[in-house]
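Reader: I would like to learn how to read domains, pockets and ligand contacts. Please take them in turn.

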Amino acid sequence: MRRIQKCATLSFNGKKNGHHGVPATLIPGDGVGPEVIGAAVTVIAASGVRIEWDEQLAGASALKRTGSPVPPALLTSLKRTRIALKGPLETRVGEGYRSINVHLRKTFNLFANLRPTHSFEGVNTRFTGVDLIVVRENTEDLYAGIEHQVTPGVVESIKIITARASTRIARFAFEFARINQRKSVTAIHKANIMKLSDGLFLKCARRMATAYKDIEYNEQIVDAACMRLVTDPASFDVLLLENLYGDIVSDLCAGLVGGLGMVPGANYGDRGAIFEAVHGTAPDIAGKNIANPVAAILSSALLVEYLGHLKAATQIRTAVNDVLRAGRIRTPDLGGKSTTDEVTGAVVKAIKRSA
Ligand code: NAI
């Protein structure tokens, strides 16, 4: 698997690694969150990277215990550490409080969501050689949550696209592509219909492309892009998307490489980052010790890389690849019979072997 180097513009230059390690907020989250985040913490410790975790509640578990899904202690911790490893948080469909994920991304201005999606040797899917980077704008679009009822039976939901956020995310995608020697950036849009909003997003991407002549720039309408992703995923490299398309297309991409248990993610801002898997709380398998911890473990590799521990990040990724390639130990979503703990134990062993 190609190494995901941190973006030069996003390096973590906050705190020095002292005796107890770098302070970071740990959010186990809801559903399978505590199981897979526990796995990620164990793996980071095995890699030798020292982190002083400040564990905080968020989401449904926080609501139950503290009366708020975003307790003040969580925000205080994030303001202090500016870095977090986070499990998924429950958001009810069509009712209840607004998404805490969206709230955190907006509050801490974590404008860039990066989701590297690669095929794994030994994981059988219909596709081989998938190597995609989803770059999703994280702060606006329909996720601004501006909705209201005009009159009973008629509601309005407002899509916000700004030149500022579109330019910022386009710069991130091109910069990432350059630093990581990727060949192309494809902006994915629906500007044939949303001529003003998606049109503005495209204008900003095009303008940015002129400053990165070494990177090929393409555009594709989102529906056609989905079709091409499942017929010829190798024809894409870095995908640049608005918030909603990015959310949907990244789950589609996860399906190309074995499912939601496989894809890590990072939310980057200028002054901090939150690392989390693409998947949700997986309520159907929560508490059974069968959730696939790979996505959370690979998210932890992005975190240690962000902290500058490039060797540890490579060690973690290599260990995951080795375990999957060997094929004996894998969770049920990949056709295996192993538990979350067994996969974690195998990854830890592989790290220790390589040390
Ligand atoms: P989901 O990702 O939780 O589950 C979809 C399917 O994928 C389920 O069959 C589940 O068992 C499977 N799956 C997910 N992660 C897995 C893993 N690690 N190992 C094995 N199988 C796995 O998506 P769903 O059901 O749409 O959402 C459930 C809840 O999660 C909702 O409340 C939603 O809002 C929340 N959510 C939270 C996210 C976050 O906090 N970043 C992201 C996506 C959803």
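Author: Start with the domains, whose bounds come from an automatic or database domain assignment. Here the assignment gives domain 1 (1-111 + 263-355) and domain 2 (131-255). Their C-alpha centres lie 25 Å apart. This is a predicted model: local features need pLDDT of at least 70, side-chain atom pairs count only at pLDDT 80 or more, and totals for chains, interfaces and linings use all residues. Residues are numbered from 1 along each chain as its sequence is written, and side-chain values use heavy atoms, with hydrogens and water left out.

Reader: Where does the largest pocket lie?

Author: Rolling a probe the size of a water molecule over the atoms shows where empty space is left. Domain 1 and domain 2 both give residues to the lining of the largest pocket, so the pocket lies between them. By class, the lining has 12 nonpolar, 11 polar and 13 charged residues. (Ala, Val, Leu, Ile, Met, Phe, Trp, Tyr, Cys and Pro count as nonpolar, Asp, Glu, Lys and Arg as charged, and the others, Gly among them, as polar.)

Reader: Which polar atoms lie by the ligand's oxygen and nitrogen atoms?

Author: A polar contact is a pair of N or O atoms within 3.5 Å; within protein, one must be able to donate a hydrogen and the other to accept it, and residues adjacent in sequence count only if both atoms are side-chain atoms. A polar backbone atom of Ala282 is 2.7 Å from a ligand oxygen.
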